[in-house]
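Please look at the sequence together with the fold before reading on.

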Amino acid sequence: MSPTPTRSRPASNVRPSADLPDATLVGWLRMMTLIREFENRSAQAYQQAKIGGFCHLYTGQEAVAVGTLGALEPDDPVVHAYRDHGHALARGMDPKHCMAEMFGKITGCAKGKGGSMHMFDKPHWFFGGHGIVGAQTPLGVGLAFAAKYELEVLGTALSNPGVDPGAPAKKKVALAFLGDGALNQGALHEAMNLAGLWSLPCIFIVENNGYSMGTSIHRGTTMADDLLKKADAYGIRGEVIDGLDILRLYDAFKPLADWCRAEQKPAFVDLKTYRYLGHSMSDPQKYRTKDEVDRYKSMDSIERLAKHLMEERRCLTPAALDEMHAELHRIVMEALEFAESSPSPDPATELYSDVLVNPMPGMSPIREYVHGEKNPLL
Ligand SMILES: Cc1ncc(C[n+]2csc(CCOP(=O)(O)OP(=O)(O)O)c2C)c(N)n1
Ligand SMILES: [Mg+2]
């Protein structure tokens with residue numbers, strides 16, 4: 001194994017995106033645009049009180065989910081925080097099931113019991129959607145540990161959707177996304193310590209949009225301009241990556257992800273991005289100026305990619321782009337219709353189902369507890 005290069009940068013002439021087929025890049029544009037349209041319609045549905053609870057939109061950050069997940073294998077495990085609709089869609093979740101989850105309907109990916117912050121899609125190796133800031137990061141390390149355990153101890157893959165029984169274990173890499181606000185959570189530091197100590201293939205991706213709720217990173221975090229020092233502390237390789245340009249993002253991230261997979265080691269990414277909308281649906285945004293938001297909007301990652309594909313690669317025409325917009329609009333409207341017309345979960349059958357798992361029947365008399373007979377709290 002080669003030694004861990006901390007603070008390494010990919011050579012500037014390495015451009016993995018240049019070798020990708022046109023269809024892949026058009027697919028990225030399509031997915032980023034789908035996410036934006038999905039979020040715009042979610043905002044409207046929220047304002048119409050069709051979506052309840054918290055709702056955090058991903059508008060402006062689309063290149064991060066699409067570019068990083070585009071560098072993975074479909075069966076690499078991924079875990080995320082609560083601004084998660086974009087990641088769920090980019091991983092392959094059907095927009096209908098994503099929207100129905102936000103509407104609290106039984107057809108949602110978590111049967112409507114999780115809502116906006118708890119998207120989950122095991123067949124696509126997407127393990128949430130977590131509302132407690134930083135709490136998902138030890139799960140990411142656990143997913144990396146499980147993959148490495150399969151590889152080094154079991155030799156064969158455990159039974160999972162799409163996995164043939166007895167298939168040889170593969171070298172995998174787990175992604176643990178987090179916001180800059182999670183940088184100061186104890187859970188993250190425990191997770192990074194274990195990842196460094198046990199050399200676990202987990203990539204901590206800080207979606208650094210500069211704010212946690214209304215607190216700018218400079219007010220709340222030490223060494224905000226040099227976050228890689230935090231990775232240094234755990235012997236973890238770190239990179240700073242521009243998240244506003246999906247091609248540059250991929251060119252920097254793909255070699256890093258490949259290195260983590262090959263070497264079975266962790267990494268940490270300070271991924272610079274920006275959210276256009278408020279923290280959640282109720283945010284007067286007094287902590288930043290309109291000029292700042294407009295400056296970032298002028299560097300919009302979707303417009304930038306569309307321009308590249310039309311003017312440089314010349315693989316997309318304005319007419320094809322219009323067609324793409326119309327198709328995505330239709331898909332999101334169908335998702336809204338599906339969510340609206342789906343039934344709510346029936347409390348009689350759903351209130352207590354999927355709440356607790358009983359992996360060893362007979363060990364825990366859940367049935368007696370949930371009906372109150374033995375539950376000391378009832
Ligand atoms: C442990 C914990 N503390 C506080 C909160 C309340 N809270 C919800 S979101 C948030 C801000 C997190 O910001 P960041 O990690 O930067 O993510 P972003 O919203 O920018 O995507 C806070 C403090 C929480 N959910 N969990
Ligand atoms: Mg943030």
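Is R91 buried or exposed? R91 is buried, because 20 other C-beta atoms lie within 10 Å; the term buried requires 20 or more other C-beta atoms within 10 Å of a residue's own, exposed means 12 or fewer, and partly exposed is in between, with C-beta atoms placed from the backbone. This is a predicted model, in which local features need pLDDT of at least 70 and side-chain atom pairs count only at pLDDT 80 or more, while totals for chains, interfaces and linings use all residues. Residues are numbered from 1 along each chain as its sequence is written, and chains are lettered from A and ligands numbered from 1 in the order in which they are written.

R91 belongs to helix α3, which covers residues 85-91; helices here are DSSP runs of H or I with at least four residues, strands are runs of E with at least two, and both are numbered from the N terminus. Leaving aside residues up to four places away in sequence, R91 touches L69, V78, D121, H124 and F126, where contact means that the C-beta atoms, placed from the backbone, lie within 7 Å. A65 is 26 residues from R91 in sequence, and their C-alpha atoms are 8.7 Å apart.

Helix α9 can be followed from residue 246 to residue 263. Its 18 residues should span 26 Å at 1.5 Å a residue, and the end C-alpha atoms are 25 Å apart, which agrees; the expected span is 1.5 Å times one less than the number of residues. F253 is itself buried, as are I246, L247, L249, Y250, D251, A252, K254, L256, A257 and C260 of α9. The cover over the buried residues of α9 includes the helices α1, α2 and α11 and the strands β3, β6 and β7. Just after α9, Q264 takes a positive phi of about 55°.

In soluble globular proteins, nonpolar side chains tend to be buried together. In this model the largest nonpolar core has 87 residues, and those with the most contacts inside it are V66, L89, A176, C202, I203, F204 and V269; such a core is a set of buried Ala, Val, Leu, Ile, Met, Phe, Trp, Tyr and Cys residues joined through C-beta atoms within 7 Å. C202 touches, among others, G140, V141, A174, A176 and P266, not counting residues up to four places away in sequence.

Ligand 1 is surrounded by 13 residues, of which the closest are V133, G179, D180, G181 and S212; a residue counts as near when its C-beta atom, placed from the backbone, lies within 6 Å. The shell around ligand 1 has five nonpolar, six polar and two charged residues.

Most residues other than glycine have a negative phi, and most peptide bonds are trans. M213, in the loop between β4 and β5, has a positive phi near 50° and is partly exposed, with 13 other C-beta atoms within 10 Å. The peptide bond from G128 to G129 is cis, with omega near 25°, and G129 lies in the loop between α4 and α5.

Definitions and conventions: Ala, Val, Leu, Ile, Met, Phe, Trp, Tyr, Cys and Pro count as nonpolar, Asp, Glu, Lys and Arg as charged, and the others, Gly among them, as polar. Two residues are in contact if their C-beta atoms, placed from the backbone, lie within 7 Å.
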